[in-house]
Amino acid sequence: MLTPSLMHHLSIVPDFRQAWKVQHQLSDILFLTVCAVICGAEGWDEIEDFGHAKLDFLRQYADFEAGVPSHDTLARVMALVNAEQLQSAFAEWMKACHDVTEGAVVAIDGKTLRGSYCRGKGKGAIHMVSAFSAANGVVLGQVKTAEKSNEITAIPELLKLLNLQGCLVTIDAMGCQKKIATQILQKGADYLLSVKDNQPALADAFEAAFPMAKVASFEGDAYVTDEKNRGRQETRYHIVSEVTEEFQKLSYEWPGLKSVGVVMSFRQEGDEVPEAPMIRYYISSADLSAEAARQHWHIEAKLHWSLDVALREDACKIHRGRAAENLARVRHIALNYLKGEKRFKGGIRRKQKKAALDETYLADILAV
């Protein structure tokens, strides 16, 4: 992910300000914001402070002819930046610097930016849908769901942005739609879709084909994970099967359907009585192994957790104009850089602090 590549793509984002009033180039403002967030800045004041402290460093990569923009300028400009153009620039940057490998899992899921809610201005919280490469731990693209809409309308727009040739695209039950499955196949990829009651015909077929007794004694492809964290023991039992008789009629409705699977989860807190098992179903156009289904949940553990805990996304109260959406994309860029740097063995927060203290290390991150 070479910085010149990022700067090239950021420079394409159009600047709608009146040219004669512009002191700070838009690409400079975007690059400053990315670097500051990499180093742990969370608001406009902190981004301005970072710029003053690291101006000589920043000038190695961009002009900054007029110095560092004020926090008011940063807030105003980031609220006006064309969010769709920044979204496209991000996706094109990732295409240029990240090659998806054959069979790679790309997980698509949504996350609400809780801090973007503003009762006084009548603004609801923004909901972003992201595509996450499970193998590399990077975000490939993201879109904001339209107001009074949901992920069903956002996912097709996100798919248009991505290069998915040869990938396995995993989506939770909200995205279990025939049109979405068709679009994924048209992109040269396979789908792995969770099934719930929003697809009653599929849910009924699973209940008929895989009663609990049959799942427990399944003799085909199976995969077991056993995790213990903070006193909670969770065991997941995954099975996968070819399309059975119960799904024959449905296979004509769902394009490319080749395999079906079940995940049975058992959870126990300390010495308490174990909870009743939870059962999840999924369908796929690929000849799956039972292990593949587990990789969808990496987006929760490796992306959403990092955004909330390391980059404190939910604590951010910025909501002016399009600033919340644009800053969310900047966080994704920063997180991709931080996860891409592998030589320093530390967590995201530790990497941020090291980058803030050590310009050589920050340069290493930007050159990953």
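User: Which residues of α5 are buried?
Analyst: Helices here are DSSP runs (H or I, at least four residues), as are strands (E, at least two), and both are numbered from the N terminus. Buried means under 20% relative accessible area, exposed means over 50%, and partly exposed lies in between (1.4 Å probe, protein chains only). By that cut-off, the buried residues of α5 are T73, L74, A75, V77, M78 and A79.

User: What kind of model is this, and which atoms do its side-chain values use?
Analyst: This is a predicted model, in which local features need pLDDT of at least 70, side-chain atom pairs count only at pLDDT 80 or more, and totals for chains, interfaces and linings use all residues.

User: Thanks! Which helices do the buried residues of α5 pack against?
Analyst: Look for contacts, meaning heavy atoms within 4.5 Å. On that basis, the buried residues of α5 pack against α2, α3 (44-53) and α12.

User: How are α2 and α5 oriented: roughly parallel, roughly antiparallel, oblique or roughly perpendicular?
Analyst: Axes are lines fitted to C-alpha atoms, for helices over the stretch in contact, and angles run from 0 to 180 degrees between N-to-C directions. Helix α2 (residues 26-38) and helix α5 (residues 71-80) pack at about 105°, with 11 Å between their axes. Angles under 35 degrees count as roughly parallel, over 145 as roughly antiparallel, 65 to 115 as roughly perpendicular and the rest as oblique. The two helices, α2 and α5, are therefore roughly perpendicular.

User: How many nonpolar, polar and charged residues make the contact of α2 with α5?
Analyst: From α2 come L26, I29, L30, L32 and T33, and from α5 come L74, V77 and M78. Ala, Val, Leu, Ile, Met, Phe, Trp, Tyr, Cys and Pro count as nonpolar, Asp, Glu, Lys and Arg as charged, and the others, Gly among them, as polar. Sorted this way, the contact has 7 nonpolar, 1 polar and no charged residues.

User: How do the residues divide by class where α12 meets α13?
Analyst: These two helices pack at about 95° with axes 10 Å apart, and are therefore roughly perpendicular to each other. On the α12 side are L335, L338 and K339, which meet I348, K351 and Q352 in α13. The classes come to 3 nonpolar, 1 polar and 2 charged.

User: What sort of aromatic pair do F206 and F247 form: stacked, tilted or edge-to-face?
Analyst: Rings of Phe, Tyr and Trp (its six-membered ring) pair if their centres lie within 6.5 Å, and planes under 30 degrees apart count as stacked, over 60 as edge-to-face and the rest as tilted. That rule gives 8 aromatic pairs. For F206 and F247, the centres are 4.8 Å apart and the planes stand at 70°, so the pair is edge-to-face.

User: How many residues apart in sequence are the parts that F206 and F247 tie together?
Analyst: Both F206 and F247 are buried. F206 lies in helix α9 (residues 200-209) and F247 in the loop between β7 (232-242) and β8 (259-269), so the parts they tie together are apart in sequence by 41 residues.

User: Which lysine has its charged end over the ring of F344?
Analyst: F344 and Y361 form an edge-to-face pair, 5.5 Å centre to centre with 65° between the planes, and both residues are buried. A charge sits over a ring if NZ of Lys or CZ of Arg is within 6 Å of the ring centre and within 35 degrees of the ring normal. At 5.1 Å from the centre of the F344 ring, the charged end belongs to K354.

User: Is H24 buried or exposed?
Analyst: H24 is placed in the loop between α1 (3-12) and α2. Beyond four places in sequence, H24 touches R17, I29, A66, G67, V68, P69 and T73. With a relative accessible area of 10%, H24 is buried.

User: How far apart are the C-alpha atoms of A173 and V195?
Analyst: A173 lies in the loop between β4 (168-171) and α8 (178-186), and at 8% relative accessibility A173 counts as buried. Leaving aside neighbours within four places in sequence, A173 contacts S194, V195, K196 and N198. Although A173 and V195 are 22 residues apart along the chain, their C-alpha atoms are separated by 5.1 Å.

Key: Residues are numbered from 1 along each chain as its sequence is written. Side-chain values use heavy atoms; hydrogens and water are left out.
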